[in-house]
Amino acid sequence: MTSYPHAPGFITGDRPQIVTSRFQYDDSFFLERYLATGGYQGLKKALGRTPSDVHDEVKNATVLGRGGAGFPAGTKWGLTPQGKWPRYLVVNGDESEPGTYKDRLLMERDPHQLIEGCLIACYAAGLSQCFLYIRGEMAVAQERVATALNEAYAAGYVGKNIMGSRFSVDIVLHWGAGAYVVGEETALIESLEGNRGMPRLKPPYFPAAIGLYGQPTIVNNVETLANLPWLLVNGAEAYTAIGTKTSPGTRMVAVSGHVKRPGVYEIINGTTTFRDLLYGDDFCQGIRNDNQLKAFVPGGGSAPWFTPEQLDLPFEASQVGPAGSMLGSGAVMVMDHTTDIPRAALTLTRFYAHESCGKCTPCREGGTWLERILSRIVDGKGTDADLDQLLEVGESICPGAFPHASSTELGLSAVPFPYRMNTICFVGPSAYAPVHSALTLFRSEFEARVTKRTRIPVSGSVS
Amino acid sequence: MTSTETNVTSDENQPPVDPNAVTMSINGRSVVARKGELIIAAADRSGDYIPRFCYHPRMSPVGMCRQCLVEVEGPRGPMMVVSCMTPVADGQVVRTDTPQVKRAHEGILELLLANHPLDCPVCDKGGECPLQDQAFSHGPGESRFVEEKRHYEKPIPISDIVLLDRERCILCDRCTRFADEVAGDALIHFTSRGNNTQVLTFPDEPFSSYFSGNTVQICPVGALTAKPYRFKARPWDLEKVESTCTTCSVGCRITVESSRDELLRYQGVDSDPVNWSWLCDKGRFNFEAVASDARLEQPLIKRDGKFVETDWSSALRATAELVSSALRDGGAGSVAILGGARSTNEDAYAWSRLARALGTSNVDAQLGDGLPSTVYAYPQATIDEAANASTVIVLGPDLKEELPVLHLRLRDASEKKRSKIVEFGSKESGLTRYAWKHTGHEPGQQVAAVRSTLTETAVVSQLGKGSVVVVVGRGNLAESPEFTMSALAAVMELVPNAKVLPVLRRGNVRGALSAGLGSGSAVDILERAAAGKINCLVLVGADPLADFPDADLARRALTGVPNIVSLDTFMTTSSSQAQIVLPAAAFGEKDGTTTNLEGRVSQLSRKVTTRGTSRPDWMVAVELADLLDVDLGVGSVHDVFEQMVSTQSAFRPIDRAALKSSPDGVLLAHVGSAPIASPVPDVPERAGFSYRLVVSRKLYDAGQNVANSPSLALLAPGAAIYLHPLDLDRLGAPAGSNVKAIGARTSVVMRVEADATVHRGTAWVPFNQPGGKVGELIDASALVNDVRLENL
């Protein structure tokens, strides 16, 4: 089979494949191929068992949520209050974290797998309707999922009495209107309801109790659900045999930036290290032009940065968190030694400032302020006072120590994830994360860009 | 007494433990709070002020400004939470004074100020600005923001009254939340996002809400300003007293604010039983009328058909002469007094004392546009009881148009699922969309409508769920008030435990009737006048030519009376028919008390000196009495009050001390027993091609207060006849064209408009609109009035 042109550098090797097994086929997104490669067998198996049995299977497999927070899906399903109907499944296909494009491939290349996953989740958690929210910009994914859904309806996999059983569920497609913050689950629910995509206030912390239309709602990531068909066919034991006890199975990682072969890779959870990923022959095969690695973002644009010192950390939340960052959405962005660090930080911060929904003050005002100071510095018009000002503004967004990686060169010890925040959701802190990492780890590069100026004290003591 | 005994006694005296009380600690001090209360509210009571912008106690919290961050002790150490979103909990430890909290407060304030223009010296809010005040008390003192600030066109009008300066806006969501949540007019909203987020109206759809002025009051910065007050004064130049608005009979508590002896602003005061700090725009902005150039300043006397200015002593002597000659020629029955419902209790009482002393019972505070005063004999409900009743039955007027703040209270009751509203009306009202059930009926059919709706199974079970309050008023000026009274009697027969909240609209109508100004009926008086049986008619702030529904009768009456004396603030059409016109003191120019629709008596305060030589109504009554050799035994407004509360049984619970200690007011005593059910008159059949007339009021009309307030005058929608779109199709006249409306006596030409809230077969006409002549189509003696329409 020829490899599909839209997945540059996708190499499977002989690693176990849970969600990407059909990516090798040109026609992977059609029902015919899906059925020929074991499609809808997981659903068939699930329907032969009781919902609680299926739920237990997922719980036993500890399928971690792949949206960013890494919350176990089985546990999440159990959070819905008893006896409140209807309850909904909302699929978060609004993948928009900078550097992340794994869900897009899953939707474009294997939409039936996602649909089957949705059906299994609805069956196991007793959800009466599924809303599939796909990011507005993903035109191909929208088309492929819609086509697949039509096929599935026609073939009796979705709708009334699925596969001849008494289980019925409808899947509703919804296209986003293009806002990053809608990837936040409560903002996604607001958007789905037809309101402005602004996060809801917490508590309640989970929409499981009060979600879409005020009803119990499970919000799952695309990749999380795509794991379910394989899991049901092969069982929790086979699933947990891959990876580690706390991070079983595989996960998809999207690598971008200064590597020889950027792309999406399905790696073994918990054991694969960043070094394996960036330098391994199966994966990225090293830094472009054999340059020096300067820094990398381990988990999407909002994650604090790592330096080569953290290369040997595995994809394991319990190790990445204490080291000062997060695995997040599984996007690794690589910067080699030619990278202009202040400009890189500006690029990311500008994105978050632009995507702020404007609801709460620290994010709305602070994000833009950070962006403007940074662009001044990048333009060579900054002063040394601006550097501390960046940290001061950040302090107003996220008070207290912001996580960062350790560095023997700088004598820094890691401040572990997570952080405290003054904002409603994580967009505000995300705007600060790249600034903080860049300034902490590469302050000299900033200092070289700014003019030293004696500041005349306006008030307070002269020190 | 031994110590054990003391303990026992104190235990017995202790109130039972409140199951809803929680004990928490704020800054190390123990505070008792109610379950479900927010930390910020508990801290307010304990005296620990937490800075805030978006939080408003009368609206749901949104936690947007993030200014009210506090530290709460949690399992993983102190956590920073927003105190406007976090409810209190037993044993909760809250700190508002740690260095971390202080740093957060300074940080957020610096961020809020980053894009806020520092144009405080020219900003209306400067001096009373929460942002300014809290920047001083909780801010960093210095801004490090050196970037260019956000720029927008400023200011832009978002309605005919309110202007918006988006540069000053700190996006706290107060105005937009108010518009959506409290007023139900979600016409302003956030648009765009991130740093470009702004409050805006929808394109071509202005923020034309009856409550838009409230957004100006609750704006924590100077982003929203209102035309009537804009640039008129600085807050530190304003002197204020608390008073009660008498524009309608809801009786909202307000502060009356003036500078250099000119009224400049009314602001809502949060009176829990009444207005919850909200005001309608008409009440808020009609202070302009007090300062209007059109105010009467000198007594006027008609010589050779023309008014000439005179002095008070000549005017009063001439008045006394007119009255005594009337008494001489026609006896006490030939003197009549109309009006008194727009001023204070004291004014009304003084005039009623004078009337009694003269021996006339031709006295009515209403102008045939209300209900008989027997409506007060039913068990009475308060506004709070209505807004907390499980069922509210509305019989009558469109509350949004006539008593806007009562509409807000009932809307809130329905939206918060406390009450279900069952509405009866000849036209859909502003409350209909919040009603659980709306039963439309043709004029005169309300008894049948009540009997059929209230016996439906679902309604019966709803009525059995808890308290029931009947809100009753005059919904249609073109039908006999007897229909509403019969419908009320029918409701009381079907729901005997119901209480009644009469909603007659004129400011102090309840006080005037309770003070004795209701012994006659306006229809009677005017009919007697038309028949030449009244020799002297005193109009106390009454304008029958504009306000009496039957224009023809009013006109015949005023021509039939040889001598009319008018006491008013403006030269009205009726005043111009008078022989003597006396200038009256207006609201804000006199002390006294007023009574709202639920019978709540509260104090009015004088803020500015009276206009010209004008005098309060009571004083005119007393001086006139003197000249007629009647001693009313009073020399000051205090005397009138004391005599009123000691002689009028309804006013018995009221005394100075009670009024002083409860600024929200004291309720009148309930007087009278349930009236005898009125028989239902038969309604005549409607002819096939005619429409049954429904005439009711809009908030803005041609009334003197609106007409003389430049900001409000243009808001009156104007005279037109409204038909259901299908009826308009049948008529074949395009909307906006003129049609000929043919009544029983005469015909008038009016603009016709389509309105889907008008029921089929009826024609709705707003009353007393500029240029309106609907009064010509109303016969006060008819049970209902029909109109035929002809295409021109």
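How many helices and strands does the secondary structure of chain B come to? And which residues make the contact of H14(B) with H16(B)?

Analyst: This is a predicted model, in which local features need pLDDT of at least 70, side-chain atom pairs count only at pLDDT 80 or more, and totals for chains, interfaces and linings use all residues. Residues are numbered from 1 along each chain as its sequence is written, with chains lettered from A and ligands numbered from 1 in the order in which they are written.

Chain B has 26 helices and 34 strands (DSSP runs numbered from the N terminus: helices are H or I, at least four residues; strands are E, at least two). Its radius of gyration is 28 Å, close to the 28 Å from the globule rule for 792 residues, so chain B is as compact as a globular protein of that length (taken over C-alpha atoms; the rule is 2.2 Å times the number of residues to the power 0.38). The C-alpha trace spans about 90 × 70 × 60 Å along its principal axes.

Now the pair. H14(B) covers residues 446-453 and H16(B) residues 481-494. Their axes, lines fitted to C-alpha atoms over the stretch in contact, come within 8 Å and cross at roughly 20°. The two are therefore roughly parallel (angles under 35 degrees, on a scale from 0 to 180 between N-to-C directions). H14(B) contributes Gln446(B), Val447(B), Val450(B) and Arg451(B). H16(B) contributes Phe483(B), Thr484(B), Ser486(B), Ala487(B), Ala490(B) and Val491(B). Contact puts C-beta atoms, placed from the backbone, within 7 Å.

Key. Parallel < 35°, antiparallel > 145°, perpendicular 65-115°, else oblique. Contact = placed C-beta atoms within 7 Å.
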